[in-house]
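Dear colleague,

Please look through it first and then read on.

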Amino acid sequence: IKMKSKLAASFIEEIFFIKKNNCLLEEKEQISYNVTVSWARGKEMIIVSPEEIKKRTNYIKRNALPKDCDYVLIDIVDKIIFYIELKNSNSSSTALEVSQQLKDGEWWIQHLFYLMGIENEYDEYQVFFIHSVLDARPAQKSRNMKPNIHNVFKMNGNKINLIPLLLNSIN
């Protein structure tokens, strides 16, 4: 809860969105597309766009901006962070490249925790890295999801359901 008030007091509102139930994420490269993300009904998530953070920083040259993940969803009540990288197809990046983008997104969030003076709280959060591929056949039911060797959960299609990840982490 401290994080929510720190975000409101410290950062530009357009970088962070607070939503309940589900949200639409949009990737803009050569094409635009939407992915629906769903989580527990009534649960509030803070949605962070590292791309927006980079656009608004004045201490990084525009031509030197690092790659990172597309979105970060933060559940401040249950202390869970989801790093999400969206790709249009499997052939656009290797598993290692996607893993690196997700890790680079994590650096941005750790940086924000530091700027808010709550850097010691980051280790209290459970972290999930998710790679979503739009142009792929939908995956099997996600009850027994396992991460790849880079600790990344891969999901196919235009829907990301976070609930099975949470259920698997409890078991």
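I begin with Lys87, which is buried, because its relative accessible area is 5% and the limit for that label is under 20%. Please keep in mind that this is a predicted model. Lys87 meets the side chain of Glu85 in a salt bridge, with 3.2 Å from N to O, and Glu85 is likewise buried, at a relative accessible area of 1%.

By the rule applied here, the count of salt bridges comes to 3, and the other pairs are set out below.

Lys79 pairs with Glu124, and the closest N and O atoms of this salt bridge are 2.6 Å apart. This pair links distant parts of the chain, 45 residues apart, since Lys79 sits in the loop between β5 (71-75) and β6 (80-87) while Glu124 sits in the loop between α3 (95-115) and β7 (126-133). Lys79 is partly exposed, with a relative accessible area of 24%, and Glu124 also counts as partly exposed, at 46% relative accessibility.

Lys103 forms a salt bridge with Glu106, where the closest N and O atoms are 3.7 Å apart. Both residues belong to helix α3, and because they are 3 residues apart there, about one helical turn separates them. In this pair Lys103 counts as partly exposed, at 35% relative accessibility, whereas Glu106 counts as buried, at 12%.

With kind regards

Notes. Residues are numbered from 1 along each chain as its sequence is written. This is a predicted model: local features need pLDDT of at least 70, side-chain atom pairs count only at pLDDT 80 or more; totals for chains, interfaces and linings use all residues. Side-chain values use heavy atoms; hydrogens and water are left out. A salt bridge is a side-chain nitrogen of Lys or Arg within 4 Å of a carboxyl oxygen of Asp or Glu. Helices (H or I, at least four residues) and strands (E, at least two) are DSSP runs, numbered from the N terminus. Buried means under 20% relative accessible area, exposed over 50%, partly exposed in between (1.4 Å probe, protein chains only).
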